[in-house]
Amino acid sequence: MNQPLRRTIGLMAAVLLALSACTSGSGASPSAAPSSAPSAAASVAPSVAASVAPSAPAITVPAAITTAGKLVWCVDVSYPPEESYKADGTTAEGSDIDIATEIGKRFGVTTQIDNTSFTGIIASLTTKKCNLIISGMNDTAERQKQVNFVDYLKVGQGLLVKAGNPKGIHGLEDLSGKAVAVQLGTTNLDALTAENVKLKAAAKAEIGIQTFDQDTDAFQQLALGRVDAYSGDSPVCAYYAAKPDNAGKYEVGGTPIDPAPIGIAIRKEDTDLKAAVQAAVDAMYADGTMKSIVDKWGMTNAVVLLK
């Protein structure tokens, strides 16, 4: 073997000895990389997973709604703060309008509000003049015979009286012999009618019930001094009392009466639409949207959130 070749072989042996020393000493071993990778993943993955909020319930929008590109809502636009018109007289606003609009956004469609008299609002739904009703409607056993509901809040009934409550009205039992204005077709009217049955049985003076097709007309009777109290849902009473134009004129008599669910009404055959609306309402509760809408319209102390 010649001298250059001998030197080359010696150099290769030295390199092999050096590599052997590195792999057997305290330095990093080839097996260290695989063992360290799993530990790094284990330390990161759980913390990342824990910080991610649960996903919102999936919303399966009925094909007919997607094709139409809109949701049509029957609403009696005369019940502030839940639904009323802005000063322009054509643009609807209120908590129910915001809820309807939000559901439309989550469906990926536009929202159409059809002003419908409350006395005929269920008939308008069942004859397919709209897809849904949202109008501060109590979910009652009687109405369940005609439509299905997705409940979204609980609301009590209220009594609005003149400031200082000169007639001492704090509940239905205090209305004996007094005049009260109320909207037709409402559970408020049902409660007054039921109270009159009790009063008559007890040989006491009945309530002088005055009914009106529009809630705003019923409230106007109190403003004009023609009745002793106005009967409406507690958020509506709170709204009228809090309006800047009404400052110091009215107050709510007593606490909300018998809080009960209000719901979005849906035709009984539209089970897929009901499921989609329920998923949207659940998501609005999960992400705080429902509470934000309630707070926006000054209803925080006048309604009960379902979740």
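How far apart should the ends of helix α10 (residues 271-286) be at 1.5 Å a residue, and how far apart are its end C-alpha atoms? Select α10 to begin: its 16 residues should span 22 Å, and its end C-alpha atoms are 23 Å apart, which agrees. The expected span is 1.5 Å times one less than the number of residues in the helix, and helices (H or I, at least four residues) and strands (E, at least two) are DSSP runs, numbered from the N terminus.

Before going on, note that this is a predicted model, in which local features need pLDDT of at least 70 and side-chain atom pairs count only at pLDDT 80 or more, while totals for chains, interfaces and linings use all residues. Residues are numbered from 1 along each chain as its sequence is written, and side-chain values use heavy atoms, with hydrogens and water left out.

Stay with α10 and colour its buried residues, among them Leu273, Ala276, Val277, Ala280 and Met284; buried means under 20% relative accessible area, exposed over 50%, and partly exposed in between (1.4 Å probe, protein chains only).

α4 and α10 pack at an angle of about 105 degrees, with their axes 10 Å apart, and that makes α4 roughly perpendicular to α10. Here the axes are lines fitted to C-alpha atoms, for helices over the stretch in contact, and angles run from 0 to 180 degrees between N-to-C directions; those under 35 degrees count as roughly parallel, over 145 as roughly antiparallel, 65 to 115 as roughly perpendicular and the rest as oblique. On the α4 side, Ile99, Glu102, Ile103, Arg106 and Phe107 meet residues of α10 including Leu273, Val277 and Val281, where contact means heavy atoms within 4.5 Å. By class, this contact has 10 nonpolar, no polar and 2 charged residues, counting Ala, Val, Leu, Ile, Met, Phe, Trp, Tyr, Cys and Pro as nonpolar, Asp, Glu, Lys and Arg as charged, and the others, Gly among them, as polar.

Now turn to the salt bridges, of which the structure holds 9; a salt bridge is a side-chain nitrogen of Lys or Arg within 4 Å of a carboxyl oxygen of Asp or Glu. Select Asp98 and Lys296, which form a salt bridge with their closest N and O atoms 2.9 Å apart. Lys296 is exposed, at a relative accessible area of 56%.

Within α11, the side chains of Asp295 and Lys291 meet in another salt bridge (2.7 Å, N to O), and these residues lie 4 residues apart, about one turn of the helix. Compare Arg267 and Asp270, whose side chains also form a salt bridge (3.2 Å, N to O), although both residues are buried.

In the loop between β1 (70-75) and β2 (84-85) find Pro81, where the peptide bond from Pro80 to Pro81 is cis, with omega near 5 degrees. Then select Lys128, whose phi is positive, near 65 degrees, and which is exposed at 58% relative accessible area. Asn165 also has a positive phi, near 45 degrees, but at 9% relative accessibility Asn165 counts as buried.
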